[in-house]
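Work through the exercises below with the sequence and the model in view. Try each task before reading its solution.

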Amino acid sequence: MSNPGMKLSDRIAKIKGATLVKSFCYSCPWNCPTEVYVRDNKVVYVKGNEDAPNNIGTRCSKGMASWWMTQDPDRLKYPMLRTNAKGQPGEFKRISWDEAFTFIADKLKSIAEKHGPEAVALTCHHDPNTQFYRHLLGDLYGSPNMYTHTSGCEMDRRSACLTLFGHPFPMHDFVNSKYVILWGMNMLGANQGLFESRALLEAKKRGAKIIVVDPAFTETAQKADEWIPINPGTDGAMALAMCQHIIAEGLHDKEFVKKYCEGFDGFKDHLKDKGYTPEWAADKCGVDADTIKRLARGFATTKPAMSAIFKGSGYYTNGNDAGRACYILDAICGQVDGPGNLHLKDWAPVGMPLDIPEEAKRKPEKEPLHAAMGYPIAPDLPNAQLPKAVIEGDPYPVKALFVQSTNPVMSDPDRDKMLEMFKHLELAVACEVLMSETALECDIVLPETSFYEMAEVRQGLWLGAEAIICQPAIEPVGESKPPYDIAKGIAQKMGWGEHFAFEHWEDWAKTATADLPGGLEQLKERGFWSQPPKFNKLADCLGTKTGKIEIYSHAYADSGFNPYPDYTERSVIPDDDYPLQVTHSKLSMHCNIVTQNNPLLMEICPENWVEINASDAAKYSIEDDQMVVIESPKDNITIRAKVVQGLVPGAVSIRHGHGFGHWAMGSVAKGKGAHSNNLMEIHTNPVTGANCYNECKVRVRPA
Ligand code: SF4
C-alpha cells in the first residue's frame, strides 16, 4: 500500500524499483536540477528536482527526452585515431586509451619544442569540468589560449555586462517586475531556463507589462502585451533614443545615477551631440518616434522595471553598443539589482577542484590570442578569427587545437574556412559524445561520458546563490571517460601525474565543495544548495575599474574604443541582388548538438526552416511549406519555408540552433534540415569578437 505521506520522488523510485540519483540536466546550459531513476544500470525515468527553486520538479521536453543519450547506438565508445590524410572526411581506427594519451603527449611535447606552448589552443563548452583541461594545457603546459564557445553565443551580452557592471552574468528577476522590455530575447521559443520562462509568465499574470522588441513575432512576443517589430540590427538606435528621451524629460533616477553611475553627464552630452533622438531613430528602426517616447516614458516611470538582452541584439557588428545601450536604460532608471530588476547573479561558495601549485605553473611568454588579434577586451576568443592564426600564423602560429563539446565546423560562420583550418593543424583532438562535424576533421577523437555518466559541481542558474551537482547515475557507455580522467591520462604521459592525484570523483568534488555549507554529502543528497536572492548589493559587487556602473566605460577607453555607446549601421545591407536580411532564431526542441540525434525530439521537430513575411513570399512566388533555395553571395541552401505575417518585411528568419543539416553526426541527425552557416562570410564584432551571424544578405526562390 502506498504511503500518502511519502514524497513523490520516493514513490516513483518504489514503483519503478529504481534507485534515485540527484543530479542535473545538461541538454541545455541552464542545468535544471534533476532526479534520475536508475534500474539495472539503465535510466528508467527522469524528472525535475521538486525541492530546487529553479524548476520545482519540472523539466522541458529536451530534458525529458535526454535519457536517450545513455542508449544512443551512435555514441562514441572508444578512442579513435585518424587513418587517412587531412582534407577529406576522417576515417578512424580504434585505439586504446594508453595509445591515445601517448600520441597526444608526444605531439604536445614536440609542438612546445618547435613553436612554444602558445601554439596550442582549447575551445570548449563553459563548464567547470573543462577546468581539468585548462589545468593541463594552461597551467602546466603554459598556453594562454584556454577558451570557450562564447563568440557563437552571448558574447555581446557578456561584454556589455562586464564593461558596465563588472559582472559576467546578469539574470532577470521577472516575477517581481512590473515592466519588462526584452530586446530580441526569445526565451519561450528557445525553451531554455525553465525558471526564467516561468517567472516571465508569472509576472504577466500578476499584471506586469511585457514588451518584446524583435523583428519576428516570436513565441515570447506572442505572450507579450506589445510586440515592437524593429528593423534587424537597429536595437541600439532605439535604446539610445529612449535614453535620450528619458534624460531630456528628466525621468531618470537622479539619486541612483549620482550614487552608482560613472559618466552620466558625458553620456547626456554624447546623446545630444550625436542627435540620438526618437525622431532620428524612427526611420532606422521602423518604429515611430511616438512609440519610442511612449515606451521610454513607460519604462522610466514604472518601478521595478527591466531592460534585458540575450543574443538577438548581438549577431551584428554593432551588437556590442546595442547591448550596452539596452543595459544603460536600466542604469539611468535605477533598475539594477533590486527586486524586479536585472539581477547580478549571486554566487555559491564553490571552489576549484584541483590546486596546481604556483611553482608548477608555466607562464606563457605571449599574450593570449584574443588580445594579440586586436580584441583586448573580448570576454573570449573571437572564434571566427582562429583560422587566420592557424592558416596564416597571424597574430602567431597555432598548431594544435583541443575541441571539447563544441562544434565550430558546424556552428561558426564560413564552414569552408573552418574546414580549411583543420588541414593546417599538426594536432587536432576532439573530446565528444557523438561524432561531430568537427571531430570528423580531427586527428584523434576521445569519447567523453554524457552527463548521466559523470560528476560535476557547478554554480546553478538560479537568481540566488546556488550550487548543483551532477552525479554518475550509470556506468560510462563503452570506454568513454569523464574530463578529469582524460586530462589525468594525458598529464601522466607528460610527467605531471602528481597534480591529478585524485582516484575518485568524490575526492576532487570534496575540494570544490569545501566551503559549501553541508559540504559534498549534503549536496549529493539534495542535488543542490541554494540561498534566497540578495538584492541591492551594488556597493559590494560592481567589479569595474571605478567600482561604479560605467556608462563611461574605462575598459573601452583604455583599449582605444569609444567609451560611450554609439550607433553604427550593421555591416551587410541588402541590395537589389540580395534583397533580404538574414536573422536567426532557436528551436524549442533543440539545443546545440546534443538533441539532433534524439529520435524523440526529432519526431516532434525533424528539421529547421526559414520564415518569410507573406508580402515577400508573394513577391518571390514562395508558398507556405514549400522547399526554397536561399542564396547568399557565398553559398546556397535548400530549406523549407514558412510564410508568416509576424516578421518585418525584408527579413528572413532562419531557425537554426547551431546544428541542422549534419553530415557527420549520428544516424538520426544526419541529413535532416539545412545547415545555414556557410551562407555567411566571416564578420566579427570589432570589440567583443562575437560571431555576427546576422550580417548576411540573401535572395530566395522556389526550389
Ligand atoms: S531547460 Fe535546459 S537544463 Fe532545463 S530541463 Fe530543459 S534542457 Fe534540461
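**Exercise 1.** How do strand S10 and S11 pair, and over how many bridges?

*Solution.* Strand S10 covers residues 209–213, and its pairing with S11 is parallel, over three bridges. Strands here are DSSP runs (E, at least two residues) and helices are runs of H or I with at least four residues, both numbered from the N terminus. Two strands pair if DSSP finds at least two bridges between them.

The model is a predicted one, in which local features need pLDDT of at least 70 and side-chain atom pairs count only at pLDDT 80 or more, while totals for chains, interfaces and linings use all residues. Residue numbers start from 1 along each chain as its sequence is written.

**Exercise 2.** Give the strand order of the open sheet that contains S11, and find which strands stand at the edges.

*Solution.* Step one: the sheet has four strands, ordered S11-S10-S9-S13, with parallel pairing. Step two: strand S11 (226–228) and strand S13 (305–309) each have a single partner strand, so one side of each has no neighbour in the sheet, and these two are the edges. Step three: from one strand to the next the twist averages 15°.

**Exercise 3.** Which strands does helix H13 lie across, and at what angle does H13 run to S9?

*Solution.* Helix H13 (residues 289–301) lies across S9 (179–183), S10, S11 and S13. The angle to S9 is about 130°. Axes are lines fitted to C-alpha atoms, for helices over the stretch in contact, and angles run from 0 to 180 degrees between N-to-C directions. Contact requires C-beta atoms, placed from the backbone, within 7 Å.

**Exercise 4.** Which of the 13 residues around the ligand come nearest?

*Solution.* Cys-25, Cys-28, Cys-32, Cys-60 and Gly-63 come nearest. A residue is near if its C-beta atom, placed from the backbone, lies within 6 Å of the molecule or strand.

Technical notes
Two residues are in contact if their C-beta atoms, placed from the backbone, lie within 7 Å.
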